[in-house]
Amino acid sequence: MKSIYLLFPACLFLTGCFKFGGDDCGAPNTKNDPTVFINMIGNDQFCPEVSEGFTLRLDWPYITGDDGGDRTFNFEGTEGFLVEGGETTNLNTARITLIATEDSPEEATIEVYAHNACGESNRGIAQVKVRKTPPYLFLTGVELPQPITQAATFVYQGKGYVAGGLRGSTAGTDGVWEIDPSNRSLEVKSPVLYGAEEAAAVVGDTAYISRNGGRLFQVYHIPTNTRVREMHKENVNSDIFFNQISMFAKGDKIYIGPISPFAKIMSYNVSTGEFKDEKLFDQLSGIVCKTAFYHDNRIYYFFENGAGVSYNPTLNSVAYFNTPFNVNETAVTSFSLGGKAYVVSEDAVYLFDPAINSMTKLNVFNGNICFTSGWNGHKWSTNNFVLGEKVYFVGGQDVKQGAAKMDFFGVKL
């Protein structure tokens, strides 16, 4: 990452010296250029504000001056930040990398100075900021084991889970990934599923996971990482490639779909083991569904042609509506969080009002004050899960049938 310039006001004091081999030991120079580089992304662009997970790279390159090579460097005021390498004192370099966290102060003053047995140099003082007001994008600090797209995601007891998916056009994860954002960790569970799962819904401690366009279901016991059984659904036609199957639990029923080519919604009763055809979105036969979410006792589906559908499972009723999206800006992913609904397009994050089916574009702080607002993820097959006040996005593709990606980041709303 590049750096930007910030000027530090000089604040100096100096102690006395003693001799090395008859020569002055050389106190650090108090007349060094106080210029410090921080996250330079272009000349004359001052970007000292970041959000959670993003780095502030501080570099005081002119501190060496003419005072020899016996200096070490101290940084003060870094409380609340993760420090790359873990140390802030007696460093042999005037460079340091800080990672913003949830605990970072909204505004911080960070000082750096050189010192040796003879005294200190002048001090540089940096004023940096960490965005605390949502909406803002954050980096999780979790690295995915491989590129992934169109994966099944679900949550259980404060952790997020990723299963199946695709690596481009091949099978995805061999084992379930258990992600704990609270300690920035990911555990790969031993493989028990077939892979290439597309969607999941949780009832109690069990996840019901679909693959192969809704033709195969696996019952997965989450605490023990056990595949309890599998079920094949007969007379389900081949899926349109990249149709996004979704699953949502309501009571004892799980609603699966839309299953191609007729945009059919099917249910599975976890108590009776019964599959049932519930509804056809007959106006959208053959159209790819890109994303869906459950909100306020309804499921909302968004299709590639810009159409939207509201499905009421209780009444088994359908309402069609138009979205502002078209072939140039289709929906990518969607979710319900904190009693509100959100839809992400190729260009922006929208607040969705289900009462009037309207969209309001949100300005999302994208990690650095110099970055543009909007959606910084991929355009196809990005899935998500919600924990607390945050939504986490998993993988995706830039183009249909393109290479899968390893991105795992989030947004606080």
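Trainee: Quick one to start: what relative accessibility does E230 have, and what does that count as?
Mentor: E230 sits at 28% relative accessibility, so it counts as partly exposed. The cut-offs are under 20% relative accessible area for buried and over 50% for exposed, with partly exposed in between (1.4 Å probe, protein chains only). Before you go on, this is a predicted model, where local features need pLDDT of at least 70 and side-chain atom pairs count only at pLDDT 80 or more, while totals for chains, interfaces and linings use all residues. Residues are numbered from 1 along each chain as its sequence is written, and side-chain values use heavy atoms, with hydrogens and water left out.

Trainee: Got it. Which residue does E230 meet in a salt bridge?
Mentor: R227, with N to O at 3.0 Å. A salt bridge here is a side-chain nitrogen of Lys or Arg within 4 Å of a carboxyl oxygen of Asp or Glu. R227 is partly exposed too, at 29% relative accessibility.

Trainee: How many salt bridges turn up in the whole structure?
Mentor: The search finds 16. One of them pairs E178 with K159, at 3.5 Å from N to O. E178 is in strand β18 (residues 177-180) and K159 in strand β15 (residues 159-163), so this bridge ties together parts 19 residues apart in sequence. Strands are DSSP runs of E with at least two residues, helices are runs of H or I with at least four, and both are numbered from the N terminus.

Trainee: And E178, buried or exposed?
Mentor: Buried, at 11% relative accessibility.

Trainee: What does K253 pair with?
Mentor: E278, with the closest N and O atoms 3.1 Å apart. That pair links distant parts of the chain, since K253 is in strand β25 (residues 253-259) and E278 in strand β27 (residues 275-280), 25 residues apart. K253 is partly exposed at 24%, whereas E278 is buried at 10%. There is also a network, with E76, E111, E120 and R123 joined by salt bridges that share partners.

Trainee: Which lining residues are closest to the centre of the largest pocket?
Mentor: T153, A200, M247, F248 and N384, out of 30 lining residues. Elements giving two or more residues to the lining include β14 (152-156), β20 (197-203) and β36 (383-387).

Trainee: How many nonpolar, polar and charged residues are in that lining?
Mentor: 18 nonpolar, 10 polar and 2 charged. Ala, Val, Leu, Ile, Met, Phe, Trp, Tyr, Cys and Pro count as nonpolar, Asp, Glu, Lys and Arg as charged, and the others, Gly among them, as polar.

Trainee: Where does N383 lie?
Mentor: In strand β36, and N383 is buried at 12% relative accessibility. Not counting residues up to four places away in sequence, its contacts (heavy atoms within 4.5 Å) include Q150, T153, E198 and F393.

Trainee: On to the core, then. Which residues touch the most other members of the largest nonpolar core?
Mentor: L56, L58, F81, L98, V128 and F393, in a core of 38 residues. A nonpolar core is a set of buried Ala, Val, Leu, Ile, Met, Phe, Trp, Tyr and Cys residues joined through side-chain atoms within 4.5 Å. A second, separate core of 15 residues includes V142, L144, L387 and Y392.

Trainee: Last one: what is phi for N90?
Mentor: Near 55 degrees, a positive value in a residue other than glycine. N90 is exposed, at 52% relative accessibility. Q157 also has a positive phi, about 50 degrees, and Q157 is exposed at 67%.

Notes. 1 Å grid on protein atoms, 1.4 Å probe; cavity = no way out; pocket = protein on both sides within 12 Å on 5 of 7 lines; lining within 4 Å.
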